Amino acid sequence: MESADAVVVGAGFAGLTAARELKRLGHDVLVLEGRDRVGGRSHTGHVAGIPVDMGGTFVGPTQDAVLALAADLGIDTVPTYHDGANLIRWRGMVRRYSGTIPRLSLGGLLDIGRVRWQFERIARRVPLAEPWTTRRAQQLDGQSLGDWLRSVHTGATARDLLAIMARVTWGAEPDDVSMLHAARYVHAAGGLDRLLDVENGAQQDRFAAGTQQIADAMAAELGDRVVLDAPVHRIDQHDGGVTVGSEKSSAEARFVIVAVAPEHRARIEFTPPLPAEYHQLARSWPQGRLSKAYAAYPTPFWRANGFSGQALSDEGPVFITFDVSPQPDGPGILLGFVDARSFDEMPADQRRRKALDCFASLFGEEALKPLDYVDHRWGTEKFAPGGPTAAVPPGSWTRYGPWLRRPVGPVHWAGTETADEWTGFLDGAVRSGRRAAAEVAARLRADPSVARD
């Protein structure tokens, strides 16, 4: 049986960061990961031989934790291409626009401005650490984002544009997400502009060789203390700490950090059982549903036509695109975020045809003839299936939020959903790993007898 000062469950950005921090402080750590790879919801694949991110992709200003981590590991960012006109397919027509919000009509633009002002006014007042203490928290959490939009008489244009935002942000419709969660999420990102923009926003930069290289580099530092294909199914608490049982082996430790999506915590049996609120939280913090599609072309032909490669669509399954081409003159790579609800059930050839049809409806017939195509359906994943982050439904924050990251004896929690800044992003995952490591390190310092030599 293995032994360590702490066991970390999950080798995503949160778990690896926690393990790396504890190792840096002189503690022995063991990481158990159910997948056959590290990275969690960061997973880099290839299209036409070019690395592309199937999961977490972009980084931007104020995401200081993940940027500092990447710099420490010697991994540089590259800017996301955004020169030229953006496109939107709207009500059967394709139009050009600039900036973040399309100018579809004067009335629609005024309505969007009004709704944004009202939403951000609420978001700024949500305490990030304890959103359930927000003034009118019960009212905000008792309604969905869609309910709130209807309550302020949002017009069809603004409502449908915000539905696209909800799909790409949470992999969910506005009616599926708590208004309190939506407001807190936007506040944690620094506002709607910071969340949605490319330049000076969350999509400003990316890593040319993919985000998984960051996880790979952290795992390389930890060496054989990262064990793959070892899904944890049981955590037993006892006077000496915990026994963590996986399909490969068991490990004894003083503390355990569970760094998986809240919904996925339900797959672990805890003895003695956790308080009821923790089980209810896992059932009330579901993952969204979101997939991705990539197409590679000999050149980024849309640039020659004056387009940035960024586009929105009110038809599916692709509803937002980005240009993630590695070089100015080729190959050209389009990234499409895809509505998983109908897409994931299609056979591979039909998924390809549907995605390429969407690209062609925006950028022209040339998009129908790629060099290569690949998609990734997160809903088919064995671990943390669904989407990039949790789509927290109405009622969950005020009922179960206080237990999201509160330790239970030697059990601590990490994961991007537990972060107070950049929740749902790679940066939030790194911040949560640092927090959890600091919690465990403080307890080890407080009782040196529990620390291993």
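**Annotated residues and a helix pair**

Mentor: In the unreviewed UniProt entry, the annotation "binding site" covers Val232 and Glu417; such annotations may be inferred rather than shown by experiment. This is a predicted model, where local features need pLDDT of at least 70 and side-chain atom pairs count only at pLDDT 80 or more, while totals for chains, interfaces and linings use all residues. Residues are numbered from 1 along each chain as its sequence is written, and side-chain values use heavy atoms, leaving out hydrogens and water.

Trainee: Why is Val232 called buried?
Mentor: Buried means under 20% relative accessible area, with a 1.4 Å probe and protein chains only. Val232 has 12%, so Val232 is buried.

Trainee: And what makes Glu417 buried?
Mentor: Its relative accessible area is 3%, so Glu417 is buried too.

Trainee: How do you know that the side chain of Glu417 makes a polar contact with the side chain of Arg41?
Mentor: A polar contact is a pair of N or O atoms within 3.5 Å, one able to donate a hydrogen and the other to accept it within protein. The Glu417 and Arg41 side chains make theirs at 2.7 Å.

Trainee: What describes two packed helices?
Mentor: The angle between their axes and the distance between the axes. Here, the axes of helix H1 (residues 13-24) and helix H9 (residues 212-222) come within 10 Å, crossing at roughly 35 degrees. Axes are lines fitted to C-alpha atoms over the stretch in contact, and angles run from 0 to 180 degrees between N-to-C directions.

Terms used
Buried means under 20% relative accessible area, exposed over 50%, partly exposed in between (1.4 Å probe, protein chains only). Helices (H or I, at least four residues) and strands (E, at least two) are DSSP runs, numbered from the N terminus.
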